[in-house]
Amino acid sequence: MITSTSQSNSRAVKALRKTAVILVWLLLWQIIATAVNKEILIVSPVVTAKRLVELATQGEFWLLSLMTLIRIIKGYLIGIVVGTAAAVLTANIKIADEFLKPLLSVIRATPVASFIILALVWIRRDNVPLFATSLIVIPIIWANVTQGIYSADRDLLEMAKVFGFSKRKKLFKIYVPSVMPFFFAGCSTAIGLAWKSGVAAEVLSLPSLSIGKELYYSKIYIETADLFAWTVVVITLSMILEKLLKKVLSGIGGRQ
Amino acid sequence: MSILIKNLSKSFGTNIVFNNFSTELPDKGIVHLRGASGSGKTTLLRILSGLEQAEGGGISGLESKKIAYVFQEDRLLHELSALENVSIVSNEEQARFWLGRLGLSHELNKKPPQLSGGMCRRVAIARALAYRGDILLLDEPFNGLDAELKKILSEILMEVSTKALVVLVTHEQGEADIAEQTISIDG
């Protein structure tokens, strides 16, 4: 009882601290906006909030946000599937590792913008964000899953060999538990980057119904309030998605 | 059919572990492998189990023989319960039987991190026994066991040795008294 009360107290203190930090930052933002006093350069948090409320009352706002969300989640999931498959392949087949390693290095080293511009030439503009998001996610998952496979306990693998474990048993009882922490860490890292690259790809490819397109037009028409409001939307969605993912992953991790 | 080890050679870098080592193991009974620390007892068990390859010589009589191994470390799957760790190499009935004989009937559903060192050792032993191998390799199996459990395990090993070959590595002479044959490995 005493423990639960002190736990809830410390949680309340933590939340209070977090709120205070956010308020200080908002205050700083307000002070800078007031000092600059040019809405074309920087709008205040109050103006941003007002614009956000205006946007949120329009049906299109929710549709645009949903479409961007779907695009990024799709690209993220494709990246996870391809990255995992590539890791399994390269960790098990030496020739595949030698053949695909340079590709991994190229993907890692190439700027996202280059991929986006190339993709604009190759594929339909609506699919460019999906492509860019996948390309960001693939190397992260690929590297993490590979590390997880190589980290499988050698002693347990020897034990499995002596006791004649089937491939399936080896996979689910030794490799999967070894890979999961690396996989989860990769998924967490990749989600934030997926958002950044996905929205950047939308800004450059301007697919119909996208947050990126709105960001682009707010820049073109110098509507700084819109730019700030949409940026707040992107940040909020990214944070919600990250939190949701963490909950899902800890749920899966807890079940194991 | 007995197991013939002929002119076995094995080295790790510049460290020569076996140089033309030869011996014969019966197909049943308890054999104690004796030797100083680092003399190659564990290496011989690893070669017999197929985990290590000899560089020279050969072993005959191992063909189609099922080998169970109690490693120096327990090598248990931490996500599985004691019962699952044993039944994964046999079946639940066998697992319950051997865990019960080793005094773990009340710990069946506990996972290795929830068990003491001695309990984990017994789970590893139960796993090897439940596997019902033709050859049972035991590397310091008595480690972490109290006198009562050592006695129980000795009795079990004597029982098993009527049907299978038990190869025992231990430093304690008292624990090796159950052996019918002793092979010295001088490295």
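A:Ile32 counts as partly exposed because its relative accessibility is 44%, where buried means under 20% relative accessible area, exposed means over 50% and partly exposed lies in between, with a 1.4 Å probe and protein chains only. The residue is placed in helix H1 of chain A, helices (H or I, at least four residues) and strands (E, at least two) being DSSP runs numbered from the N terminus. Together with A:Val36, A:Ile40, A:Leu41 and A:Ile222, A:Ile32 forms a nonpolar surface patch with about 460 Å² of accessible area in total. Patches consist of residues with over 30% relative accessible area and no salt bridge, like charges being joined within 9 Å and nonpolar side chains (Val, Leu, Ile, Met, Phe, Trp, Tyr) within 5 Å, and accessible areas come from the Shrake-Rupley method with a 1.4 Å probe, only the protein chains shown counting as cover for residues.

## Basis of the values

The model is predicted, so that local features need pLDDT of at least 70 and side-chain atom pairs count only at pLDDT 80 or more, whereas totals for chains, interfaces and linings use all residues. Residues are numbered from 1 along each chain as its sequence is written, chains are lettered from A and ligands numbered from 1 in the order in which they are written, and side-chain values use heavy atoms, with hydrogens and water left out.

## A positive patch on chain A

A:Lys14, A:Lys18, A:Lys243 and A:Lys246 make up a positive surface patch, Lys and Arg counting as positive and Asp and Glu as negative, while His and the chain ends are not counted; each charge is placed at NZ of Lys, CZ of Arg, CG of Asp or CD of Glu. At least two residues of this patch come from each of helix H1 (2–36) and helix H10 (224–255) of chain A. A:Lys243 lies in helix H10 and is counted as exposed because its relative accessibility is 58%.

## Dimensions of the two chains

Chain A contains 10 helices and zero strands. Its radius of gyration is 23 Å, well over the 18 Å that the globule rule gives for 256 residues, so chain A is more spread out than a compact globule; the radius is taken over C-alpha atoms, and the rule is 2.2 Å times the number of residues to the power 0.38. The C-alpha trace of chain A spans about 75 × 65 × 30 Å along its principal axes, and 38% of its 256 residues count as buried.

Chain B has five helices and eight strands. Its radius of gyration, 16 Å, is close to the 16 Å that the globule rule gives for 187 residues, so chain B is as compact as a globular protein of that length. Its C-alpha trace spans about 50 × 35 × 30 Å along the principal axes, and 54% of the 187 residues of chain B count as buried.

## Salt bridges

Side chains of opposite charge can pair when their charged atoms come close. Over all chains, 17 salt bridges are found, each requiring a side-chain nitrogen of Lys or Arg within 4 Å of a carboxyl oxygen of Asp or Glu. In chain A, the side chains of A:Asp97 and A:Lys101 form one at 3.7 Å, N to O; both residues lie in helix H4 (residues 94–109), four residues apart, about one turn of the helix. A:Asp97 is buried at 17% relative accessibility, whereas A:Lys101 is partly exposed at 48%.

In chain B, B:Glu52 and B:Arg46 are joined by a salt bridge of 2.8 Å, N to O, and both residues are buried. B:Arg121 and B:Asp74 form another, their closest N and O atoms being 2.8 Å apart. This pair links distant parts of the chain, 47 residues apart, with B:Arg121 in helix H4 (residues 117–130) of chain B and B:Asp74 in the loop between strand S5 (67–70) and helix H2 (82–87). B:Arg121 is buried, with a relative accessible area of 3%. Salt bridges that share partners also connect A:Asp155, A:Glu158, B:Lys10, B:Arg46, B:Glu52, B:Glu73 and B:Arg75 in one network.

## Positive phi angles

A:Leu209, a residue other than glycine, has a positive phi near 55° and is found in the loop between H8 and helix H9 (211–220) of chain A. B:Ser64, also not a glycine, has a positive phi of about 55°; B:Ser64 lies in the loop between strand S4 (56–60) and S5 of chain B and is exposed, with a relative accessible area of 79%.
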